[in-house]
Amino acid sequence: MNEKLFDVTALGELLIDFTENGTSSQGNPLMEANPGGAPCNVLAMLERLGKKTAFIGKVGKDMFGEQLKSAVEEVGIDTRNLIMDETVHTTLAFVHTYPDGDRDFSFYRDPGADMMLTKEEIQKDLIENSSIFHFGTLSSTHEGVREATRHAIELAKNAGCIITFDPNLRPPLWKSLDDARREIEYGMTKCDVLKISDNEVEFLFGTDDYDKGAAMIQEKYNIPLILITMGKDGSRAYYKDLRAEAAPFLQKNTIETTGAGDTFCASALNYVLEHGLEGLTEENLVELLTFANAAASLITTRKGALRVMPSRQEVLDFIASRK
């Protein structure tokens, strides 16, 4: 790939995930303020894999915004296009974790700083200096930030970036699920790599036959590489007429699934950076999925995501230990 200043630039939400961490002496739940937001989780894992990344987004100029900026810079992500807004607070999410590690979210974001990003605040040269541009749909829930996101996507298209998309559907953040469906469909018309979860395929196409869902995506949107994550059932990749599948790495000591999809996504983007999107074989696809599944499995054994991403060697050792 052409030498550019950044391997991956991502645009989207950066927020605080308040996650449960035990109870106080009075029996009240204790909440830990973890840095969160899918795009920066993706970038944090890419940094662990030796890639150079940058983030475009907005936080409040408040204690949480300062915490987030420090956390993002600590893991190596470039923050030249992270805006600190003096008038709107940083977005907060409260995460309830169930015994099996699954989660429910309550968002405090009406408005939150991440949704106040404008197209004028996006640094064109940053996107033009990136090999991959990555986005999700949380930056398209409201009109202003939707316009900014679409502007950034067009800049990336014009610059010849590989465009990667993870819908990351969060129903509570949408005024209507029809809006969510429309924005996911828009993203699929623009991307070269789609990472989508099983529940998102079901949401869009009303089927839990993921091969059928992938065929519908290929036929309608002609996306070169489609990756479907299926939680405890592993993952699949669809590339031209190839289909590959890899088993999950199930863990007894899973504590939460926060960041698992983002870690998977980052591992996949890393593979694309190192191998390109041309001439991939079934063996390539299995290798991509196996590494991504293993990395995602490791993050489920750790609290939070952004600061605790596994290294390449940790993932490889983990894969070897399961053979």
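1. Starting with Thr254: setting aside neighbours within four places in sequence, this residue is in contact with Thr300 and Thr301. With Thr300 there is also a polar contact, side chain to side chain, at 3.0 Å. Keep in mind that this is a predicted model.

2. Where does Thr254 lie? Thr254 is in the loop between β13 (242–246) and α8 (260–275). Its relative accessibility is 27%, so Thr254 counts as partly exposed; the cut-offs here are under 20% for buried and over 50% for exposed. Lys303 is 49 residues apart from Thr254 along the chain, with 9.8 Å between the two C-alpha atoms.

3. Searching the whole structure turns up 2 cavities of 30 Å³ or more.

4. What lines the largest cavity? Its lining consists of Glu13, Ala38, Pro39, His134, Phe135, Gly136, Thr137, Leu138, Asp166 and Asn168. Both α1 (38–48) and β8 (130–135) put in at least two residues each. By type, the lining of the largest cavity splits into 4 nonpolar, 4 polar and 2 charged residues.

5. The second largest cavity has Asp17, Thr19, Asn34, Pro35, Thr258, Gly304 and Ala305 around it as lining residues. Here β2 (15–23) and β3 (29–36) are the elements giving two or more residues. The breakdown for this second largest cavity is 2 nonpolar, 4 polar and 1 charged.

Key: Residues numbered from 1 in each chain as written. Predicted model: local features only at pLDDT ≥ 70, side-chain atom pairs only at ≥ 80, totals over all residues. Heavy atoms only, no water. Helix = DSSP H or I, 4+ residues; strand = E, 2+ residues; numbered from the N terminus. Buried < 20%, exposed > 50% of the residue type's maximum accessible area, 1.4 Å probe, protein only. Contact = heavy atoms within 4.5 Å. Polar contact = N/O pair within 3.5 Å; in protein donor to acceptor, adjacent residues only side chain to side chain. 1 Å grid on protein atoms, 1.4 Å probe; cavity = no way out; pocket = protein on both sides within 12 Å on 5 of 7 lines; lining within 4 Å. Points joined across faces, edges and corners; volume = space filled by probe spheres on them. Nonpolar A, V, L, I, M, F, W, Y, C, P; charged D, E, K, R; others polar.
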